[in-house]
Amino acid sequence: MVGCSGSMPGPASAASSYLVQADGVAADGDTDAGAARPWNVLLDLGSGAFGPLQTLTAPNRLDAVLLSHLHPDHCADVTALAVWLRYGPGSPGPRVVVVGPEGTGQRLAELSIMTAQEIAETFDVRTVRDGETLTIGPLVVTAHEVRHPVTAFAFRITGPDGAVLTYTGDTDACAGVEAAAAGADLLLSEAAFTDGVDEVRGIHLTGRRAGELAVAADVRRLVLTHLQPWADPERIRRDAAAVYAGPITMAAPAAVYEVSTVS
Ligand SMILES: [Zn+2]
């Protein structure tokens, strides 16, 4: 976990960002093609997350950044990564793959001081649509469109040993997120809203709705994240546990989870 605060950075955590690491081999175009090496793929890079990211990996060692959607709490710090890649140690290196919805390149240019041309020189921006699958080193990633006020995806990520991690991004309950999570070994689910408090629909899950998703998708483990700084984590965990009997933990900065097909 790089950052897990919902909607904005909180006093103890940056906004959304999760580092996925998997063993693979260097790609064909690399200088060390075919050699074993770990791959580093980021899920979102929201406001404030570029700071703690540097405690986990050198930013120029990232292979890809997957953006669930283009709200600032999920993508704002890609602009900091752009500056690092252009002017920091080892620059300019190879372009970093950035995967996101239609309009990702333009959004990053608007958020940064860079032109669309400079963004294109820094990032290999790939837009995805609902149901599209792409391979990033040892990881197979499928984007499932979910229910949020802007185009947003949940990512289903299958590792080299077949273990499945699903990240909901931001969503209310919907068929898309359920398909993304089906049978996942670990479901990293947002639970931004509080049952009985936030009645508006079409934006976020609650503890209870995250628990219902975990039950419907029959996942093996649930990690709740994206709680807003004013939320009560214990209440949200209890609401999820009222419907889902499997293991539930609350995401925390610097927490590490091993995603595996065995307990
Ligand atoms: Zn959002």
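Biologist: Which residues lie nearest the centre of the second largest pocket, and how many residues line this pocket?

Modeller: In this predicted model, the second largest pocket is lined by 24 residues, and those nearest its centre are Leu19, Val20, Gln21, Tyr257 and Val259. Its volume is about 590 Å³. When the lining is sorted by class, 19 residues are nonpolar, three are polar and two are charged.

Biologist: Which strands supply at least two residues each to the lining of the second largest pocket, and which element gives the most?

Modeller: The strands β1 (18–25), β8 (153–158) and β10 (186–190) each supply at least two residues, and β1 gives the most, with five residues.

Biologist: How should I read the largest pocket, and what is the volume of the space in it?

Modeller: About 770 Å³ of space lies in the largest pocket, and 31 residues line it, with Asp30, Arg37, Leu62, Asp63 and Pro94 lying nearest its centre. Its lining divides into twelve nonpolar, eleven polar and eight charged residues. Several elements, including β2 (36–43) and α3 (78–87), each supply at least two residues of this lining, and β2 gives the most, with four residues. One of the residues nearest the centre, Arg37, also lies over the face of Trp39, at 4.1 Å from the ring centre.

Biologist: What describes a pair of aromatic rings, and how many aromatic pairs does the count come to here?

Modeller: A pair of aromatic rings is described by two things, the distance of the centres and the angle of the planes. In this structure the count comes to two aromatic pairs. In one of them, the ring centres of Phe50 and Trp84 are 5.9 Å apart and the planes stand at 65 degrees, so the pair is edge-to-face, because planes over 60 degrees apart are placed in that class. The pair links distant parts of the chain, since Phe50 is in helix α1 (residues 50–56) and Trp84 is in helix α3, 34 residues apart.

Biologist: Is Phe50 buried or exposed, and where does Trp84 stand in relative accessibility?

Modeller: Phe50 has a relative accessible area of 8% and is therefore buried, as the cut-off for that word is under 20%. Trp84, at 23% relative accessibility, counts as partly exposed.

Biologist: How many salt bridges does a search of the whole structure find, and which residue forms one with Arg86?

Modeller: The search finds twelve salt bridges. Arg86 has Glu118 as its partner, with the closest N and O atoms 3.9 Å apart. Because Glu118 lies in helix α5 (residues 116–122) and Arg86 in helix α3, the pair ties together parts that are 32 residues apart in sequence. Glu118, at 24%, and Arg86, at 22%, are each partly exposed.

Biologist: How far apart are the closest N and O atoms of Asp185 and Arg220?

Modeller: They are 2.9 Å apart in the salt bridge between Asp185 and Arg220. This pair links distant parts of the chain, with Asp185 in the loop between α6 (175–181) and β10, and Arg220 in the loop between α7 (207–216) and β11 (222–225), 35 residues apart. Asp185 counts as buried at 9% relative accessibility, whereas Arg220 counts as partly exposed at 31%.

Biologist: What separates Arg208 and Glu212 in helix α7?

Modeller: Arg208 and Glu212 are four residues apart in helix α7, so about one helical turn separates them. They form a salt bridge whose closest N and O atoms are 3.2 Å apart.

Terms used: Residues are numbered from 1 along each chain as its sequence is written. This is a predicted model: local features need pLDDT of at least 70, side-chain atom pairs count only at pLDDT 80 or more; totals for chains, interfaces and linings use all residues. Side-chain values use heavy atoms; hydrogens and water are left out. On a 1 Å grid over the protein atoms alone, a cavity is a set of points where a 1.4 Å probe fits but cannot get out, and a pocket is an open set with protein on both sides within 12 Å along at least five of seven lines; lining residues have an atom within 4 Å of a point. Grid points are joined across faces, edges and corners, and a volume is the space filled by probe spheres set on the points. Ala, Val, Leu, Ile, Met, Phe, Trp, Tyr, Cys and Pro count as nonpolar, Asp, Glu, Lys and Arg as charged, and the others, Gly among them, as polar. Rings of Phe, Tyr and Trp (its six-membered ring) pair if their centres lie within 6.5 Å; planes under 30 degrees apart count as stacked, over 60 as edge-to-face and the rest as tilted. Buried means under 20% relative accessible area, exposed over 50%, partly exposed in between (1.4 Å probe, protein chains only). A charge sits over a ring if NZ of Lys or CZ of Arg is within 6 Å of the ring centre and within 35 degrees of the ring normal. A salt bridge is a side-chain nitrogen of Lys or Arg within 4 Å of a carboxyl oxygen of Asp or Glu.
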